[in-house]
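Hi,

Here is the structure I promised to pass on. Have a look at it first, and then read my notes below.

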Amino acid sequence: MGQTVFIPRELDANEPRVAASPETVKRLAGLGFEVVVEKGAGLGSRITDQEFAAAGGTIGTAGDAKNADVVLKVRRPTDAELKGYKSGAAVIAIMDPYGNDAALAAMAKAGITAFSMEFMPRITRAQVMDVLSSQANLAGYQAVVDAAAEYDRALPMMMTAAGTVPAAKTFIMGVGVSGLQAIATARRLGAVVTATDVRPAVKEQVQSLGAKFLAVEDEEFKAAETAGGYAKEMSKEYQAKQAALTAEHIAKQDIVITTALIPGRPAPKLVSAAMVASMKPGSVIVDLAVERGGNVEGAVPGTVVTTENGVKIVGHLNVPGRVAASASLLYAKNLYAFLETMVDKATKTLAIKRDDELVKATMLTDAGQVVHPSFAKAAGQPRTEPAAIPATVLVVDAADKKPAPRRRAAAKSPSPKPEGTA
């Protein structure tokens, strides 16, 4: 009898995605696995049990996890789920390990081999496995859709006999995968789009999508990118000039979308309360980093806040999950592509090569231990969450304080590989 892959229904009520599609179930079966999908696992993504069964899967229950050699999930398993897994099972998911040391210790104690998909190295071989890019791409699209819904005005310019409707002015802060897709989507809807990033290399990408690039383009800016594609820390003088330019620009915008995330840290504050107060009534801000503390002062996770001056700050959680039918198809392909690299084609069994660069980068726990170098001391030394970089540092009083380095990622199109976008 072959080994078993189990696809559970996600327990989080706010998680409609599923870790498989009919296509990947069929392909997993082709690798030699018996695929068991928990009843109802795909309903939040418009995938019925019948579709999974027709692709070669068996519809089961949560209890079938105890026989699984591999568990494919969206979210990190809960303590209750871990009790149902057999020791030695490989569990692959978006683990969100930063600041969750107790959860890492629990996975190690359960004896599972846990892999964190968001740690996939950004190399050519792993592009098809890059969950950050696949999900951020959809988040950027959905951010514009959500902004348009809250804006309650037309985005494109419309000339009619009764008068002209002006185009919405939209500002994208952070030009990674989600930012690029937000630019492209807003442009398709007819908005006038500007974007900013501290890396000069993205200027051409922004312009190629029909948007204008906003930055203080002095000599320091031209040298502001490292060989690895990350942003260098800018001088206090540059920060102050950029802060003034950004603050002046935001006051004129109808829609602002922020996308900045820094791995392992709370999201940097890009938009201060003073900037929000400067915007026109009816303006909309969408904060894609709200789950990590937010880029916008006043953003509330899971809530659309309306400020005293009539600005809406949108803080939806799990934005890729708001387009779950599409997000699940892409995520399932990410998982399949990674799992395929760990299958012995001759014996059709799981054969984890622990010296493989993909495995070393993503493996969190193995043989009862936390093994990832960034978290190896998690069980004994709980991690202290670092403070968020305040908005006064990044966007208002940049000349007065020195911020921590800001890392945003290079991206060449709405789909390939920037770092740390939501």
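Let's start with helix H6, whose buried residues are Val177, Ser178, Gly179, Leu180, Gln181, Ala182, Ile183, Ala184, Thr185 and Ala186. "Buried" here means under 20% relative accessible area, "exposed" means over 50%, and "partly exposed" is anything in between, with a 1.4 Å probe and protein chains only. Helices (H or I, at least four residues) and strands (E, at least two) are DSSP runs, numbered from the N terminus.

Before going further, some housekeeping. This is a predicted model, in which local features need pLDDT of at least 70 and side-chain atom pairs count only at pLDDT 80 or more, while totals for chains, interfaces and linings use all residues. Residues are numbered from 1 along each chain as its sequence is written, and side-chain values use heavy atoms, with hydrogens and water left out.

Back to H6. This helix is mostly covered, with 10 of its 12 residues buried. What does the covering? The cover for the buried residues of H6 includes helix H5 (131-151), strand S9 (169-173), strand S10 (192-196), helix H7 (202-208) and strand S12 (255-258). Contact, by the way, means heavy atoms within 4.5 Å. The length of H6 (residues 177-188) works out too: its end C-alpha atoms are 17 Å apart, which agrees with the 16 Å that 12 residues should span at 1.5 Å a residue. That expected span is 1.5 Å times one less than the number of residues. After H6 comes Gly190, with a positive phi near 95°.

Helix H7, part of that cover, contains Gln205. Is Gln205 buried or exposed? Gln205 has a relative accessible area of 14%, so it counts as buried. Its C-alpha atom is separated by 8.6 Å from that of Val175, 30 residues apart along the chain.

Now compare helix H9 (residues 236-250). H9 has 15 residues and reaches 21 Å from its first C-alpha to its last, close to the 21 Å expected at 1.5 Å a residue. Its buried residues are Tyr238, Gln239, Gln242, Ala243, Thr246, His249 and Ile250. They sit on the same side of H9 because they cover an arc of only 135° around the axis; the arc is that of the directions from the helix axis to the C-beta atoms. An α-helix has 3.6 residues a turn, so residues three or four places apart point the same way.

On to the whole protein chain. There are 13 helices and 19 strands in it, and 53% of its 422 residues count as buried. Among contacts between residues at least 6 apart in sequence, 68% join residues at least 24 apart.

Which residues touch the most other members of the largest nonpolar core? They are Leu72 and Leu339, in a core of 59 residues. A nonpolar core is a set of buried Ala, Val, Leu, Ile, Met, Phe, Trp, Tyr and Cys residues joined through side-chain atoms within 4.5 Å. Helix H11 (residues 324-340) gives the most to this core, with six residues. Leaving out residues up to four places away in sequence, Leu339 touches Val5, Leu28, Phe33, Val70, Leu72, Ile92 and Leu350. There is also a second, separate core of 31 residues, and Ala143, Val175, Phe221 and Leu288 are among them.

Beyond neighbours within four places in sequence, Glu340 is in contact with Leu31 and Lys345.

Two residues have a backbone angle to look at. Most residues other than glycine have a negative phi. Asp96, not a glycine, has a positive phi of about 45°, and so does Asn318, again not a glycine. Asp96 is in the loop between strand S5 (90-94) and helix H4 (101-109), whereas Asn318 lies in the loop between strand S15 (312-314) and H11. Asp96 is partly exposed at 37% relative accessibility; Asn318 is buried at 6%.

Finally, confidence. The pLDDT, which is the predictor's confidence in each residue from 0 to 100, averages 88 over the protein chain, and 86% of the residues score at least 70. Over residues 226-230 the pLDDT is below 50. It also stays under 50 over residues 382-422, for which the model has 143 contacts beyond four places in sequence.

Cheers
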